[in-house]
Number of protein chains: 2
Amino acid sequence: MGVALALADRGVGRTAPNPNVGCVLVRDGRVVGRGWTQAGGRPHAEAMALAQAGAAARGATAYVTLEPCAHISPRGPACTDLLIAAGVARIVAAMGDPDPRTDGLGFSRAGAAGIAVTTGVREEEARRMIAGFLTRRARGRPLVTLKLATSLDGMIARADGESRWITGPQARAHTHLERSRHEAILIGRGTLEADAPRLDVRLPGLESRSPRRILLSRTPETGWETIPSPAAIADIPSVDRLMVEGGAQTASAFLAADLIDRLLLYRAPILIGEGRSALGDIGLTRLAEAHGRWRLTDARMLGSDRLEVYERA
Amino acid sequence: MGVALALADRGVGRTAPNPNVGCVLVRDGRVVGRGWTQAGGRPHAEAMALAQAGAAARGATAYVTLEPCAHISPRGPACTDLLIAAGVARIVAAMGDPDPRTDGLGFSRAGAAGIAVTTGVREEEARRMIAGFLTRRARGRPLVTLKLATSLDGMIARADGESRWITGPQARAHTHLERSRHEAILIGRGTLEADAPRLDVRLPGLESRSPRRILLSRTPETGWETIPSPAAIADIPSVDRLMVEGGAQTASAFLAADLIDRLLLYRAPILIGEGRSALGDIGLTRLAEAHGRWRLTDARMLGSDRLEVYERA
């Protein structure tokens, strides 16, 4: 299952509207097929692994990070049927598929065909792996990550706007890696006009994984998809993971609308003093309301900068 | 030496103008005396340990965190003479005393009297232990610690001034512990008028260790020692460790004057948005100037808050 999860990770931020799934086929102690949901959602992980295994899939165990789909879509056959047809002997899954078209039907149909089914193996990791897909299911909108790069005193720029650079090259490279794990990046018009950022992934080997660029703006802009308000993220097609990169006004609008699920805070060991704050009004009316909303889920040093990841508590 | 350092730690923030020293006397593998510099600087660590050991000091090894003083002061005899008179056989020291009245003379006089002398044992820890004393020697002013308690976005209060509470009880208790390790605390007039803070140590057993209270103000104030400008800290008597607790204007004035040696950053996992920034103008004219000034020397979680300690790089 660890291998299946690592394969699933390859699809993070690339498979919407489908979940990013991983699949490993093992027969007689040997891996005979590996698959992961491909960009755009097809082929599915199981289909890829089965194609790789060919006849070797007969009698194999399929480790899958999500229950195989049970519904036939115009885009391809149901993976449950493919697994049955290939003669797989056993399915070990991390979790059930909350999609109402499957939701247990994959397991029950496989069981009825004589396949032994186990589920709940490393479920928590599997749930985190498809957090974008699950957020879309639960909230009807993408998982939204807010990225902030600040000084120790919370500034994102000097008063005159100078912001290059606050964090160092390792932190900036990490931001590019995070970009590659989101289907789209959003900025506001202020940032567009001040910085004209490229928002692409400039990491060797990942250049092709630059996300789509979304602009929060009431007026259209050439080369950009635009949405008029934070709430409109629900309507952006094929985006289950959205990264908000600024500036302060845009970040605050998303926070005020309670639309941020994950904070990426990059902090440099510098003091700026008078400068531009990371946020503006986020709609807080008392300090007590601010508490209990965020929990630290990851932290690491990136050169002399520190990354902290907070998630909705 | 570890025990001697632990004893020296008891005097941090209490011994100015003297360094906080620790001393352990060991004979035949048994501790026969322990001493540390007492509040106000006298008795010295060696005098206390020798008084405790009495005749058992003869032939003992003295572990001291600093070279024994070699000069007779109106406040007491030289520790070197006391060690010679007591018949100590060996001195193991962490470092030499930079005071020009001693500066090697303690070691050489002890050596001339037939005492074996070793120095440089755990010197770096010993230097950190008396950082206040060393800063006074090197810069002619106390070591200055700036304490800031902020939200993740660097705010010290909401826009209307509400600041109770940003950090939790463990972080606040830690601030009180830090207060007890400074001879004085300084605030500005704005904080005095807005918050009338007590600035005392409210920790069981440490109530008596509340530091002196200094006000940065051009006009005197009953119950407070006042200084007119940050530079005037050099003239505060018997303070080798000074803690600056705010507000933003005072903190910025000290940073602008390059008078902060140590930052204590308490950060709560909350976002405030529009609020009062931790700092104002600190005299930065370009971002590049901000880099390389601070290095992280300690970090820990205090409940759900995080403490980071930075020191002058």
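In this predicted model, helix H7 of chain B, spanning residues 169–179, has as its buried residues B:Ala171, B:His174, B:Thr175, B:His176, B:Glu178 and B:Arg179. The cover over these buried residues includes six strands of chain B, namely S6 (143–150), S8 (184–188), S11 (241–246), S12 (262–267), S14 (294–302) and S15 (305–312). The points below turn to a helix pair in chain A, to positions annotated in UniProt, and to a proline of chain B.

**Packing of H2 and H3 in chain A**

- Two packed helices are described by the angle between their axes and the distance between the axes.
- For helix H2 (residues 45–53) and helix H3 (residues 79–86) of chain A, the angle is about 25 degrees and the axes lie 9 Å apart.
- Because angles under 35 degrees count as roughly parallel, H2(A) and H3(A) are roughly parallel to each other.
- The crossing in which H2(A) passes H3(A) is left-handed.
- On the H2(A) side the contact is made by A:Glu46, A:Ala47 and A:Leu50, which meet A:Cys79, A:Leu82, A:Leu83 and A:Ala86 of H3(A).
- By class, the residues of this contact comprise 6 nonpolar, no polar and 1 charged.

**A four-residue "binding site" annotation in chain A**

- An unreviewed UniProt entry carries the annotation "binding site" for A:Ser163, A:Arg179, A:Arg202 and A:Glu245.
- A:Arg202 is situated in the loop that runs between helix H8 (189–195) and strand S9 (212–216) of chain A.
- With a relative accessible area of 42%, A:Arg202 is partly exposed.
- A:Glu245 belongs to strand S11 (residues 241–246) of chain A.
- The relative accessibility of A:Glu245 is 13%, so this residue counts as buried, the cut-off being under 20%.
- Beyond residues up to four places away in sequence, A:Glu245 touches A:Lys147, A:Thr175, A:Arg179, A:Ile185, A:Leu186, A:Ile187 and A:Leu199.

- A:Thr191 is part of helix H8 of chain A, and at 15% relative accessibility A:Thr191 counts as buried.
- Apart from neighbours within four places in sequence, the contacts of A:Thr191 are A:Ala196, A:Pro197, A:Gly246 and A:Gly247.
- A:Ser252 sits in helix H9 (residues 248–256) of chain A, where its relative accessibility of 4% places A:Ser252 among residues counted as buried.
- With neighbours within four places in sequence set aside, A:Ser252 contacts A:Leu279, A:Gly280, A:Asp281 and A:Ile282.

**B:Pro68 in chain B**

- B:Pro68 occupies the loop between strand S3 (61–64) and helix H3 (79–86) of chain B.
- At 0% relative accessibility, B:Pro68 counts as buried.
- Leaving out neighbours within four places in sequence, B:Pro68 is in contact with B:Glu46, B:Cys79, B:Thr80, B:Leu83, B:Ile91, B:Thr102, B:Gly106 and B:Phe107.
- A separation of 38 Å lies between the C-alpha atoms of B:Pro68 and B:Tyr266, which are 198 residues apart along the chain.

Methods:
Residues are numbered from 1 along each chain as its sequence is written. Chains are lettered from A and ligands numbered from 1 in the order in which they are written. This is a predicted model: local features need pLDDT of at least 70, side-chain atom pairs count only at pLDDT 80 or more; totals for chains, interfaces and linings use all residues. Side-chain values use heavy atoms; hydrogens and water are left out. Buried means under 20% relative accessible area, exposed over 50%, partly exposed in between (1.4 Å probe, protein chains only). Helices (H or I, at least four residues) and strands (E, at least two) are DSSP runs, numbered from the N terminus. Contact means heavy atoms within 4.5 Å. Axes are lines fitted to C-alpha atoms, for helices over the stretch in contact, and angles run from 0 to 180 degrees between N-to-C directions. Angles under 35 degrees count as roughly parallel, over 145 as roughly antiparallel, 65 to 115 as roughly perpendicular and the rest as oblique. A crossing is left-handed if the near helix is turned anticlockwise from the far one by less than a right angle, and right-handed if clockwise. Ala, Val, Leu, Ile, Met, Phe, Trp, Tyr, Cys and Pro count as nonpolar, Asp, Glu, Lys and Arg as charged, and the others, Gly among them, as polar. UniProt positions are given in the numbering used here, feature names are shortened, and annotations may be inferred rather than shown by experiment.
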